[in-house]
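Colleague: Before I use the labels on this model, I would like to hear what stands behind them.

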Amino acid sequence: QVQLVESGGGLVQAGDSLRLSCVASGRTFSSYSMGWFRQAPGKEREFVAGVSYIGYTIVNGDSVKGRFTISRDNAKNTVYLQMNSLKPEDTAVYYCAARRGTGYYPPSQQHEYAYWGQGNQVTVSS
């Protein structure tokens with residue numbers, strides 16, 4: 001079983017940047033597709049971005065495209081979410097997720113991911 005540990009969240013002002021990191025256990029990180037989800041208070045968990053095991057990336061929705069970037073460093077067993085120009089509506093608990101890669105594109109649905117981190121709070125003040 002893969003263990004995921006997120007870090008990098010915190011309290012920032014609108015317009016600031018944060019980089020979330022997710023470190024995975026094991027020696028097979030390069031064979032996994034990785035995703036970032038977020039859940040705001042009172043809302044459903046939503047897909048933010050993903051990177052497949054071959055490095056194909058996707059960022060979901062106009063609200064974050066152009067501001068968020070996902071990347072991975074297989075040598076460090078780490079996936080990143082770079083978040084720029086943060087807005088109050090970005091406030092949420094951000095979750096890292098993983099699944100064994102089976103295709104070129106990262107999954108975008110919660111049920112497609114087998115492993116989850118415990119979440120990392122990002123709060124953006126106005």
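The talk below takes some labels in turn and sets values against cut-offs.

Modeller: This is a predicted model, in which local features need pLDDT of at least 70, side-chain atom pairs count only at pLDDT 80 or more, and totals for chains, interfaces and linings use all residues. Residues are numbered from 1 along each chain as its sequence is written, and side-chain values use heavy atoms, with hydrogens and water left out.

Colleague: Why is phenylalanine 37 called buried?

Modeller: Buried means under 20% relative accessible area, exposed over 50%, and partly exposed in between (1.4 Å probe, protein chains only). Phenylalanine 37 has 1%, so the label is buried.

Colleague: What makes phenylalanine 37 and tryptophan 116 a tilted aromatic pair?

Modeller: Rings of Phe, Tyr and Trp (its six-membered ring) pair if their centres lie within 6.5 Å; planes under 30 degrees apart count as stacked, over 60 as edge-to-face and the rest as tilted. Here the centres are 4.9 Å apart and the planes make 55°, so the pair is tilted.

Colleague: Why is the pair of tyrosine 113 and tryptophan 116 called edge-to-face?

Modeller: With 6.2 Å between centres and 70° between planes, this pair passes both cut-offs and is therefore edge-to-face.

Colleague: How do you know that the charged end of arginine 45 sits over the ring of tryptophan 116?

Modeller: The rule asks for NZ of Lys or CZ of Arg within 6 Å of the ring centre and within 35 degrees of the ring normal. Arginine 45 is listed as over that ring, at 5.0 Å from its centre.
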